[in-house]
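These are my notebook entries on a single model. I record here what I looked up, entry by entry.

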Amino acid sequence: MATSWYFIVYALVAIWVFLDAKKRGNNAPLWGIATVALGLIVTPFYLAKRYLLAGEVREGGVAWNVLRYFALFWTLTMAIVTIGAMGAVSSSMPTSGNQYEEAGAVIGATLGIGMILAIWFMVLVAALVIGMFLKK
């Protein structure tokens with residue numbers, strides 16, 4: 001379930017990237033295809049390197065902007081993963097009436113969601129700290 005939502009969200013992002021690249025004169029078809037294939041990795045690079053319109057300003061350098069946008073899309077991706085994991089866990093909870101089995105399933109689900117959140121937080125902090133060191 002989470003995988004389908006991931007592809008739906010990044011397909012919408014790819015459509016937006018295609019239209020934005022077309023408007024800015026970038027290579028629109030390639031950016032759109034690359035976003036569908038590797039959305040979490042390609043989209044931050046596109047946003048950091050896209051051509052600017054009149055009146056737009058980009059600050060901080062390419063590395064900072066890539067890592068900043070990666071942190072944003074990492075959060076979006078992990079939100080999709082977390083919601084999908086909660087749905088998968090809720091559909092597989094035991095309903096046998098055995099209170100010990102039910103308590104174990106709840107504890108396991110809590111630990112699993114906690115691990116997902118810990119991975120999200122560690123990668124997010126690492127990306128932002130490295131980005132702050134590389135900021136110009």
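In which helix is Leu72 found? I located Leu72 in helix α4; helices are DSSP runs (H or I, at least four residues), numbered from the N terminus.

Basis of the entries. I worked from a predicted model, in which local features need pLDDT of at least 70 and side-chain atom pairs count only at pLDDT 80 or more, while totals for chains, interfaces and linings use all residues. Residues are numbered from 1 along each chain as its sequence is written, and side-chain values use heavy atoms, with hydrogens and water left out.

Entry on Leu72. I looked up the accessibility of Leu72 and found a relative accessible area of 52%, so Leu72 is exposed. The cut-offs are under 20% relative accessible area for buried and over 50% for exposed, with partly exposed in between (1.4 Å probe, protein chains only). I also noted that the C-alpha atom of Leu72 is separated by 9.5 Å from that of Leu40, 32 residues away along the chain.

Entry on α3 and α4. I noted that two packed helices are described by the angle between their axes and the distance between the axes. For α3 (residues 39–49) and α4 (residues 61–91), the axes come within 8 Å and cross at roughly 140 degrees. Axes are lines fitted to C-alpha atoms, for helices over the stretch in contact, and angles run from 0 to 180 degrees between N-to-C directions. The two helices are therefore oblique to each other; under 35 degrees counts as roughly parallel, over 145 as roughly antiparallel, 65 to 115 as roughly perpendicular and the rest as oblique. I recorded the crossing of α3 and α4 as right-handed, meaning that the near helix is turned clockwise from the far one by less than a right angle. Among the α3 residues that meet α4 are Leu40, Pro44, Phe45 and Leu47, and the α4 side includes Val66, Tyr69, Phe70 and Phe73. Contact means heavy atoms within 4.5 Å.

Entry on α4 and α5. Here the axes come within 9 Å and cross at roughly 175 degrees, and α4 and α5 are therefore roughly antiparallel to each other. The contact of α4 with α5 divides into 24 nonpolar, three polar and no charged residues. Ala, Val, Leu, Ile, Met, Phe, Trp, Tyr, Cys and Pro count as nonpolar, Asp, Glu, Lys and Arg as charged, and the others, Gly among them, as polar. I found Val125 in α5 (residues 99–134); its relative accessible area of 35% makes Val125 partly exposed. The C-alpha atoms of Val125 and Ala71 are 8.4 Å apart.

Entry on aromatic rings. How many aromatic pairs does the structure hold? I found six; rings of Phe, Tyr and Trp (its six-membered ring) pair if their centres lie within 6.5 Å, and planes under 30 degrees apart count as stacked, over 60 as edge-to-face and the rest as tilted. Tyr6 and Phe7 are edge-to-face, because their centres are 5.5 Å apart and their planes stand at 75 degrees. Tyr10 and Phe73 form a tilted pair, with centres 6.3 Å apart and planes at 40 degrees. This pair links Tyr10 in α1 (residues 2–24) to Phe73 in α4, 63 residues apart. Tyr10 is buried at 1%, and Phe73 is buried at 9%. Ring pairs join Tyr6, Phe7, Tyr10 and Phe73 into a cluster.

Entry on Thr35. I placed Thr35 in α2 (residues 28–37) and found it buried at 0%. Beyond four places in sequence, Thr35 touches residues including Tyr10, Val13 and Val42.
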